[in-house]
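I opened the notebook to go through one model, from the whole fold down to single side chains. The entries below follow the order in which I looked things up.

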Amino acid sequence: MRLLLLGGSWFLGRLLVEDFARRGFDITVFNRGRSDVPQSSDVRQVRGDRERDDDLHTLARSGPWDVVIDVSGKVPAVVRRSVRALAEVAERYVSVSTVRVYRDWPHAPVDEDSPLWPGDPDYDPGTRTWNPDAYGPLKVGCEIACRDAFGDDRLLILRLHEMVGQYEYVGPLRSWLERMRRGGSILVPAPDRGIQPVDVRDVARFLVDLVERGTRGVFNVAAPTDGQTYGGMVRGCADVAAADAGGEPGLVWADGDWLVNQGVRQWTELPLWGNAAAPWDVSIKRAVAAGLQCRPLAQTIADVWQWLNGGGHPAEHGRAVQYGMDAAREAAIIARWRARAAKPVESQH
């Protein structure tokens, strides 16, 4: 089977190249060559920029392909030009999307039939700077562009929740592990909420399985809650880092609403934390029925820690600096929380 991967050198794309190569696919990777693609006799790398029409036309002449997998499309107008160039030389298209396309996320539970944000397949914001508020509507526009070019019968869309694991270039899990390594008093939001981050290896395996079976349709992809909580994730990070931190770090659990009032940035200053009603209430029943299997989060944490300590390093990316909290700011917020907790309750008489 001939496969074209748009992107393919970071995180999910990197693992997809490895998994498809192990299964004997003939792989072409098209990207700008800013980081290395795993080397294999089954992998051919084509340098080019999907924002340049001449590069797209040159790429199309390298076809045909049985399937195109798009892990890098974020701007609707760019995706529309890509799919128009490839629709005649590819049998199927796989779009890697996000649960942020749902209008009600993270404020209400969502499934694949939940309403989406409005999207424009011809829209270009004119900037490539990451904007979490705009990302969902942009990806809706990308999905529309893909559907217009390939139709539902030739299209597979995976709407991913938060992925963690080896090679992560943004780094929410890595940020927590490095914070535990430094030790001391560590600010942590309320521990008892369920959580669904999914190991990138499980996403890659699921996607490859669907491609091999010729599956079409839309699937949310996240881990099952299965008793996994935010507190369990944080304690898991603390446990694996305890030796380097000189003992168990001191976890200071603070109320989520109070942290919001302190201006703590959700998802970034305290990675993977969202204080809305349903950030981790994403239905994955359809994906589980199609074969999605997820390893325990504790295993992912241990494997990422081992990878980091064994010399593994993520690709450089500007968004990584958004994760974590300045040490002085963290200490000040902890002091305010402790002072609040220490105040005597005023008499009601």
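These entries cover the overall fold, then one proline, then the aromatic rings.

**Entry 1: overall fold**

I began by noting that this is a predicted model. I looked up the secondary structure and got 11 helices and 13 strands. Next came the radius of gyration, which is 21 Å for the protein. The globule rule gives 20 Å for 349 residues, so I noted the protein as being as compact as a globular protein of that length. I also took the box along the principal axes: the C-alpha atoms fill roughly 80 × 45 × 40 Å.

**Entry 2: burial, surface and contacts**

I checked burial across the chain. Of the 349 residues, 52% are buried. The accessible surface comes to about 15600 Å². Carbon and sulfur atoms hold 48% of that surface. Residues 24 or more positions apart account for 78% of them.

**Entry 3: P106**

Where does P106 sit? I found P106 in the loop between β5 (90-98) and α4 (132-150). Is P106 buried or exposed? Its relative accessibility is 15%, and the cut-off for buried is under 20%, so P106 counts as buried.

I then asked which residues P106 touches, leaving out those up to four places away in sequence. The list reads A276, A277, A278 and P279. I also looked up G274, which is 168 residues from P106 along the chain. The C-alpha atoms of P106 and G274 are separated by 8.1 Å.

**Entry 4: aromatic pairs**

I asked how many aromatic pairs the structure holds. The count is nine. One of them is F206 with F219, an edge-to-face pair. Their ring centres are 6.1 Å apart, and the planes make an angle of 85°. F206 belongs to helix α6 (residues 200-213), while F219 belongs to strand β10 (residues 217-221), so the pair ties together parts that are 13 residues apart in sequence.

F206 counts as buried, at 2% relative accessibility. F219 is buried too, with a relative accessible area of 6%.

**Entry 5: tryptophans and a charge over a ring**

W105, W267 and W280 are linked in it.

Last, I looked for a charge over a ring. The charged end of R14 sits over the ring of Y167. The distance from that charged end to the ring centre is 4.6 Å.

Note on methods:
Residues numbered from 1 in each chain as written. Predicted model: local features only at pLDDT ≥ 70, side-chain atom pairs only at ≥ 80, totals over all residues. Heavy atoms only, no water. Helix = DSSP H or I, 4+ residues; strand = E, 2+ residues; numbered from the N terminus. Buried < 20%, exposed > 50% of the residue type's maximum accessible area, 1.4 Å probe, protein only. Contact = heavy atoms within 4.5 Å. Phe/Tyr/Trp six-rings, centres within 6.5 Å; stacked < 30°, edge-to-face > 60°. Lys NZ or Arg CZ within 6 Å of the ring centre and 35° of its normal. Rg over C-alpha atoms; globule rule 2.2 N^0.38 Å. Areas by Shrake-Rupley, 256 points an atom, 1.4 Å probe, with all protein chains shown as cover.
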